[in-house]
Amino acid sequence: MSVLPPEVHTALTQLLQGLQSTDNAVRTQTEEQLNTEWVQQRPDMLLMGLAEQMQGSQDDGTRSFSAVLFRRIATRTSKDPATNENRETFLHLGNAQRTEIRSKLLQSHASETRPPVRNKIADAIAEVARQYTDEQVLGPDGSRDTWPDLLQALFQASQSPDVGMRESAFRILETTPGIIEKQHENVAYGVFEKGIRDESPEVRLATMAAFSSFFGSLTKKSQPKYYALIPDILNTLVPLKDSGNSELLSKALLAIIELAEVASKMFKGVFSQLVTLCISMIQEKELDSQARQNALELMATFADYNPTMCKKDPSYTSDMITQCLSLMTDVGEDDEDAEDWNAQEDMDFDESDQNHVAGEQTMDRLANKLGGSIILPPTFTWLPRMIASGSWRDRHAALMAISAISEGCAELMEGELDKVLDLVVPSLRDTHPRVRWAGCNALGQMSTDFKGTMQSKYHQTVLPALIPVLAAPEARVQSHAAAALVNFCEEAEKEILEPYLDTLLDHLMALLRSPKRFVQEQALSTIATVADSAESTFGKWYERLMPLLFNVLQQPNEREVRLLRAKAMECATLIALAVGKVQMGQDALTLVQALGNVQSGIVDEDDPQESYLLHCWGRMCRVLGQDFVPYLPAVMPPLMKLAQAKADIQLLDDEENVAQIEQEEGWELVPLKGKYIGIKTSTLDDKFMAVELITVYAQNLEAGFAPYVLDIMETVAIPGLAFFFHDPVRVASAKAVPQLLNSFKAAHGLNSQEYLNLWKSTIEKVLEVLETEPAIETLAEMYQCFYESVEVTGKDCLSNDHMAIFITSAESVLKDYQTRVNERLEEAKDREDGEEIGEEEEFAIEDDQTLLSDMNKAFHTIFKHQGQTFLPHWERLLNYYDLFVTNQDPTQRQWALCIFDDVLEFCGPASWHYHTHIVQPLIDGMRDDAPANRQAACYGAGVAAQKGGDAWADFANHSLPILFQVTQRPNARSEDDAFATENACASIAKILHFNSGKVQSVPEVIAHWIDTLPVVNDEEAAPYAYAFLGQLIEDQHPAVMAKASQCFIFVAQALEAETLQGATAQRAVGAARKLVQTAGLDANQLLGSLPPETQQTVRAFFG
């Protein structure tokens, strides 16, 4: 029964007809009428009328369109005059109206017989239901309204004799699983169980999708009661596979993938059967590629989320490797001789939906998650046979497999590189171009994954084989060989490259004459990388190359050559960096002018030259130094335009708008309450690069850049710290602020009023973002911005208010950190033995560790410049330091120990006031099994002796036995433990030098201390240790004279390790010379016992 008068429905019918008109003018006019006369003036009547049209119209199209329009209007947002908050249109209605409309929606859904129309009504119901789960909607009595009738209606619909009705009920549940509350879970279990066993495949699939969505919304503690449904869920797969229904099978697999991502362990009891089933699907060539790939993806998901379960299964790894390799041979169908492949010039051609790509990507994931010891044996059972196969597809797959697994298996493969290269290098001479391409790909990937080793040990194997491939008859092979050389050369030292430069650059120069533009572009990129790595040794090629690059830059700016010109700019500026402005001479100014001409010629938004140009200007600034300052007036305006860009954001509540934005490049869609926010990321990427370039200018030009600092700080850097649409912009802004301060300080002086004004406004904003930054990773950058800014301004630059605000924000951060740690501990309790933490959690832990580290540096910097004035503020957090320093987490203990070290170092005897908080943690820390904590505690013991005065003398004396124990631990000189050991050595020296008043038997202690040398890793510890040794040599201390040869060797080892440098090294050399004279040592004989490189380094010091 209608609650609206007939004339309203007449007007509404005309409105609906106008909105669907094929006449653009009529449709536009009706849209205007919809907004002004209905949405703005009577939304209640509009939504009620649309609900009644869905229920009462005899026309299928009208009912369907009414549902679509209802959904669109109901979800529009506008300000609620009562609360001044944004709310969706449906929630602006009165309670009685909402209740009536909801009732009509459910009646329409229940009575609708046409499936397409019913689905549209279901979508409208789901949107309204979402509003009730997302928002706190109150009923007439003030309690929360959750639309209880909906769940009852859906449970009833799920039992309907009509297949379409059952399917529709589960579709709504999939969209809004939040309507199922805890008290409904037992009923929900039965509904899902029945739906999964439904006779209709479509209902079973809709149930699985709904269950997957619902399960993902549960807390971990609520999940186990639903594990029993897994056998039924898996039973849906077999008939779909047997019937060859690829489309439904793909959907079913997607639902199970979502479940595996949320709770992989729920499959533990059936995992072996699931592996067998999925492997059979991947093998089944009668299924379409998407279904086979989804089965592969399900198996790979278990490797991602539960590698232990995969490792324990007897057939998982070998079967997955076999199937991946098989899929990887599914390449080049109907293109046996690669004619079509050779003709393809679009290097960004999307092959992501191809079987061979799915196989490669899965091999990569398996290697990274399961590791080399699991992956390599079954893989190398196949690879030698495939490499030797008569089929080019087998050879291609084997090489691509090596590319895919090298990162994850790097640790084990690195020791067998000669054998791997024996398989790969011959492929560069293969008869088939795609195999040669794959060989280049493998060498390029290995050059990155085994960087250092590939370049230093195997350059004689790789480069003589790879360089000739640049002359291959196929353009794509030439280009890929050049790309592989980029990977090799960017990790190579100039000494390694120098013997190959002539032949390498001859070949690359030849590619610049290629008729294929993509080959020319790649050749330029490779030349640029070679120049960057070869540095000054590239100079002999300068005269031949630079005129060619200038020639490219002087060509007309036609669309098809823009990327080539951009690559030429990149190449020219990297060569400029390599050879320097002296060799460039007048060319440096010519190049800057050429860049200016390119900049003035850019008119199109999608011109690739614009982004390349930013980096090119930065390089030329580094090349020219202060000579670049005159070009700033031309360079800065377009740069500022990019840096000051606002976020381009659109709220999309129309499916057509969403679809349109999805087709455009440079946009990111963020779901929000049933709608999408479109963010134009291409604009933000440009903004980020512009802020980065500003930092380069400020860093390199210092005072020369000062005229631009105030404007940049006000309109770019400070607003950028709170630019929440794009994390990279905030990070770049945080890095820019200290450099801008430094530039302004260099021009005006630290104590000038101009600088002090800038500092005052800047530090207030920086402190503000320490309280407001939401992203953990970015918050660490903000702390870095803070301490680097304080470092620029120096002593006593923070007021009491500043320090108080800092402590308040630090306390908030520490509280949040503890919450995250506790949540992770709770989740860990639910993990089974062997179940590994997910990648997301690993990243979260890393982010937290980085945050604590940067907070530490902030505390350190404040103590360094504020000294004891910081103590009253610092002590507000004493309870946190106490909690952290006794925590089972070594990272937290280290954090607190480092802060106690700062109190000792920068507050001297005043630190004794806190000795009850500091002494025991330092003692425990020196005995800590975590090397980083021993290092921090040992350092603290030394600083207490050096800076703490008499108050700390007893502690220093009592620390000596523990410090000696640190140096005598098993593996004390191992890579992990060396820094702790060397800090203990340096701290013993500090105690003996600065605070030996309470030490008994000093000569005996000194004799033992000499045995704790050398210090060959820690550049901060070495000067203290060797200064004390030098003093002992000067005094001709008996302990030193008794071990003179040993002491000389210790000095030589530190010089070779470069832990002693500059004046400190010279003092050590002087002491060693004196030791040779006074002890009558034969220096040549002693040096002869050392490696040749050490001898060479040390002899250079001694002359």
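This is a predicted model: local features need pLDDT of at least 70, side-chain atom pairs count only at pLDDT 80 or more; totals for chains, interfaces and linings use all residues.

The stops below begin with the whole chain and then turn to single elements and residues.

**The whole chain**

The C-alpha trace of the protein chain spans about 115 × 75 × 65 Å along its principal axes. The chain contains 57 helices and five strands. It has 1103 residues, of which 53% count as buried. Among contacts with a separation of 6 or more, 72% are between residues 24 or more positions apart.

**Helix 2**

Select residues 24–39, which form helix 2. This helix has 16 residues, and the distance from its first C-alpha to its last is 21 Å, close to the 22 Å expected at 1.5 Å a residue. At the start of helix 2, select Asp23 as well: one of its side-chain oxygens comes to within 2.9 Å of the backbone nitrogen of Ala25.

Which residues of helix 2 are buried? They are Thr30, Leu34, Trp38 and Val39.

**Thr89**

Thr89 counts as buried because its relative accessibility is 6%, under the 20% limit. Its side chain reaches the backbone oxygen of Ile73 at 3.0 Å. Beyond residues up to four places away in sequence, Thr89 touches Pro43, Leu47, Ile73, Ala74 and Arg76. Select Thr77 too: Thr89 and Thr77 are 12 residues apart in sequence, and their C-alpha atoms are 5.9 Å apart in space.

**Asp123**

Select Asp123, a residue of helix 7 (residues 115–134). Is Asp123 buried, exposed or partly exposed? Its relative accessible area is 26%, so it is partly exposed, a class that lies between the limits of 20% and 50%. Not counting residues up to four places away in sequence, Asp123 touches Arg71 and Arg171. A C-alpha to C-alpha distance of 8.0 Å separates Asp123 from Ala67, although the two are 56 residues apart in sequence.

Go to Ser250 in helix 14 (residues 246–262). With 9% relative accessibility, Ser250 counts as buried. Leaving aside neighbours within four places in sequence, Ser250 is in contact with Asp288, Gln290, Ala291 and Asn294.

Then select Gln293, which is found in helix 16 (residues 289–305). Gln293 is also buried, at a relative accessible area of 10%. What does the side chain of Gln293 contact? It makes a polar contact of 2.9 Å with the side chain of Asn355. With residues up to four places away in sequence set aside, Gln293 touches Asp353, Gln354, Asn355 and Ala358.

The next selections concern backbone geometry. Most residues other than glycine have a negative phi, and most peptide bonds are trans.

Asp334 is in the loop between helix 18 (316–328) and helix 19 (339–343). Its phi is positive, near 60 degrees, in a residue other than glycine. Asp334 is exposed, with a relative accessible area of 72%.

Asn971 occupies the loop between helix 49 (953–967) and helix 50. Although Asn971 is not a glycine, it has a positive phi of about 60 degrees. Asn971 is exposed, its relative accessible area being 58%.

Finally, select Leu1013 and Pro1014 together. The peptide bond from Leu1013 to Pro1014 is cis, with omega near 5 degrees. Pro1014 lies in the loop between helix 51 (1002–1010) and helix 52.

**The cavity**

How many cavities of 30 Å³ or more does the structure hold? There is one. The largest cavity contains about 40 Å³ of space. To locate it, select its lining: Tyr939, Asn983, Ala986, Ser987, Lys990, Glu1020, Ala1021 and Tyr1024. By class, four of the lining residues are nonpolar, two are polar and two are charged.

Colour helix 50 (978–994) and helix 52 (1021–1034), each of which supplies at least two residues of this lining. Helix 50 provides the largest share, four residues.

Key
Residues are numbered from 1 along each chain as its sequence is written. Side-chain values use heavy atoms; hydrogens and water are left out. Buried means under 20% relative accessible area, exposed over 50%, partly exposed in between (1.4 Å probe, protein chains only). Contact means heavy atoms within 4.5 Å. On a 1 Å grid over the protein atoms alone, a cavity is a set of points where a 1.4 Å probe fits but cannot get out, and a pocket is an open set with protein on both sides within 12 Å along at least five of seven lines; lining residues have an atom within 4 Å of a point. Grid points are joined across faces, edges and corners, and a volume is the space filled by probe spheres set on the points. Ala, Val, Leu, Ile, Met, Phe, Trp, Tyr, Cys and Pro count as nonpolar, Asp, Glu, Lys and Arg as charged, and the others, Gly among them, as polar. The expected span of a helix is 1.5 Å times one less than its number of residues. A polar contact is a pair of N or O atoms within 3.5 Å; within protein, one must be able to donate a hydrogen and the other to accept it, and residues adjacent in sequence count only if both atoms are side-chain atoms.
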